[in-house]
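Hi,

Here's the structure I promised to pass on.

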Amino acid sequence: MMWSPEIALLAALIIPVIGGVFVGLLGKTPNLREGATLVASVLLALNVAYLVSVTGDRPELIYEIGSTGLAFGLKLEPLGALFAAVASGLWIVNSLYSIGYMRGNNEKNQTRFFVFFTIAIAAAMGVALSSNLLTMFLFYEALTLSTYPLVAHKGDAKSSRGAAIYLSILLGTSIGFLLPAIIATQYIAGSTDFTVGGLLNGEASPMVASVLLVLFIFGIGKAALMPVHPWLPNAMVAPTPVSALLHAVAVVKAGVFAVLKVSTYIFGPELIAAAPASDWLAWIAALSIVAASIIAMSSNNLKRRLAFSTVSQLSYVTIGAMIAAPLALLGAALQIVMHAWAKITLFMCAGAIYTASKKTEISDMRGLGRLMPWTFGAFAVGAFSIIGLPPFGGMWPKLYLMMGAASTGQLALIGALILSSILNVGYLLPIPGRGFFDPAPKEGLKKPGPMLAVLPPVITAAGATILFFLIGPLTDFLAPVFGVEL
Amino acid sequence: MEFLASILPAQIVAHAPAIIVVVPLLMAAVSAIMPNGKLSWALVVISAAVSVVLAIVLTVDVQTSGVISYAMGGWAPPAGIEFRIDSLNAVLLLLLTVIGLLSAVYALPSVAMQIDANRQSLFYAAFLVCFAGLLGVAITGDAFNMFVFLEISSISTYVLVGMGAGRDRRALTAAYNYLILGTIGATFFVIGVGFLYMATGTLNMADMAARLPDLSSSRVVQAAFAFIIVGLGLKAAMFPLHLWLPNAYAYSPDFVTVFQATTATKVAFYTLVRFMFDVFWPDAAFVAVSFFWVFAVLGIVAMIVVSIQAVFQTDARRLLAFSSVAQAGYMMLGLGIGSVAGIAAGMLHLVNHAMMKGVLFMALGAFAVRFGIRRISDLNGFGRSMPFTSVAFTIGGLSLIGVPMTVGFWSKWYLGVAAFENGWWWAVAALIVSSLIALVYIGRMLAAIWVAEPQHDRDGDIVTARAPWLMLIPIWILAIANVWYFFQPEFLISLTNAAAEAALAGEAR
């Protein structure tokens, strides 16, 4: 067959970039330009689907740089395949949505927007498929830089300030903490390859591992563990499709994915369990979950509330990685998938509401559900999934995380998870609740917004429901990474 | 490369060490009497090209048959002047000539705009003198001869800097300032050399090196060491002796800045390495103490303090000038580490920094030719006004920060590794802090270029322009080199490792 796994690995990076070139060239004719985005996203999804099907072979492409002992490499393994599948699958839906949103709001510089979007997706694919820390670092930074113009898209004072905070926190933490940690890893282990069982396991003492773990966890600023989270709420100045795909899926998930991958393949569960810092980091993550939920509850701006909800939900992954029991790691990996589908739904709904009514504050949204039933319905589904109710996908990660915490006896963390679910109910459900049950506003809204802004969240909401039933294949796919017996 | 050596007449190969210096020196005289600037420029390019060929021949020769010792005029050393080429200065020769050629090609459009037509021939003549002087410093094995060449290059540089007065009168004070400080540096150096001559009775560096260890308790030798390090440190813009540099870079003609930033301080750094290892010897107590307390400490202070100074500049070239002082700090740190790995990392950064700063200053010069920029805010929106130059500038900037996929990463990587091997983890921390600050000041310029709104003409269209081809080609050669040598670092690493080993070989002597 012509299409080999190695080619597909490269293609995952190249397809979006070529798509971006076409988007740039076709900037004069918006319909063709959007066509290029959609074609690229479909091709990428097909390519990633192919990659998922060959994950068992663990194909890899390594480029050694002379005699320097460093290398760039791509390697397919289940976690990365999963992340790539989530990001590329949601890119299709989000592209449809972007078109509806950007046109519905008459945004300027749409060509630039779509070009950088494709580059960001390519960088996310790179993070997903990297075979070592150096390569991952490179794509991680590329992701930061390529999303900067998207965050600053509006170009006014507020958005450039938000974008400056975005850039300085993400670059600052990655160069200040992550890079030294990578250098130290290379120095200790002689390589930075992701290794089953943990590269540093047996190489580093628990004390050294603790220091490195702290550097890694805070260095990966995209995981938004408090106190390095402020970039995320500040990134909300971006147009909503950016917030939806990048700050609910690609960028933040690249962060927690990196955390998970570092914990699994660089440290390994044994070393994490032995390192004293992991307990503390789990506690910081638990605090982060609760504190961010409380802040979310107090914000009236919908996107800000969703942003803090994301901060809170991302820490689920960090907690899972720090508990490091097989079930907890599985829960963390599932959280990446489930939260992505649910949160992108919520963000898209927020954008659809804005496009239709120009409303951004939650208190103004009373009764809107009567006029926009599909949008608010989708929002409700997303909210249920985040809370963790069956039959929605978000239930599984919480279940596995709690089982994982129980297996190591960290019962207090279970308490934090339960508290978080209660808080989720408190800050998410009132929005569709008020939307449906309060009387409709007298004036303003005439129609529920453009089709392309309303349909995508409905699709992802359906996806979040279907995922509940796909748990069997998902765990089968991930089980070999964590050695889970089910 | 061997091929070149084989096609040249044996006579030329045998006398290559002399010819490489003599050709630009003679051409300078011819250039001065040329009727117009273009002809002089052609002479410059030709002599630079000749010197590249000769430098390659010499490098190959050193690699295959070891140290070359050339007795000037047939007078055998130590009495006569010796030109001595080993792996350490072969790197310098190669760098000087290649960068010299690229910047010579680049010079024409920039000089045509910034220098009066009737002075262009003289300008090019001064440049050739400076070029010959730097080559001489790099190649000579005689301490007093080194002083002479150092002054030849310095004095012509003062002239070149002062030529910037046509555009900005501050060039005159900058040149004057440079003249005073540069002369103090040269005086210190020659006093040091005089002391050494007094103590050892020889001016040949290899000969000195053989005699000095017996005189390690001599106060004269110790004083000579202090004088020489301070004098050369001044020429190398070693913190805190760098005060002449920012203005000299900021107000001189663009082409002079490009050439200065990529070569002059590099050569001075080389002389420091040469004197530390191959004239003095690192085992002596007064030399050993300077590795840490002079080079490492001052290097790190420069890396951080001067980088911070760079952040607050408004003039684009001044910003890069401060950055150059900070980057010189990296080389000083490499020297301060003092191991083969440290020197090799310092030398690697020397070469890499010439590549990255070359791109940056050249691109600024190209911007200036089209839009007459000075301040960082003048760069607003150049990403759309001059996209090709802007992309090259961005590559150079990323390389300066040390982003992987650019050669700047290897500088920092190997410096970090060398520091770790010495147990100097704090130096690694300083490296990272300094890179972060570099990110800030380069980020300011990149933000102006890529994010800020471009200038619009009356119709509301974006003003666009393309740099002249003669500028664009050298810019892009260097920009591509910045990326190429990341993926194929073998060549540079073997070259600089050989250089470091050659430097430390003197220790064994």
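How do the axes of helix α1 and helix α2 of chain A cross, and within what distance do they come? The axes of α1(A) (residues 5–25) and α2(A) (residues 30–53) come within 9 Å and cross at roughly 170°. The two helices are therefore roughly antiparallel to each other (that label is for angles over 145 degrees, taken from 0 to 180 degrees between N-to-C directions of lines fitted to C-alpha atoms, over the stretch in contact). Helices here are DSSP runs (H or I, at least four residues), numbered from the N terminus.

A word on what you're looking at: this is a predicted model, where local features need pLDDT of at least 70 and side-chain atom pairs count only at pLDDT 80 or more, while totals for chains, interfaces and linings use all residues. Residues are numbered from 1 along each chain as its sequence is written, and chains are lettered from A and ligands numbered from 1 in the order in which they are written.

Now the two chains together. 15 residues of chain A are in contact with 14 residues of chain B. On the chain A side, α5 (133–151) and α6 (157–189) each supply at least two residues, and the largest share, eight residues, comes from α6(A).

Finally, leaving aside neighbours within four places in sequence, Val127(A) is in contact with several residues, including Met136(A), Phe139(A) and Phe257(A).

Cheers

Note on methods: Contact = placed C-beta atoms within 7 Å. Parallel < 35°, antiparallel > 145°, perpendicular 65-115°, else oblique.
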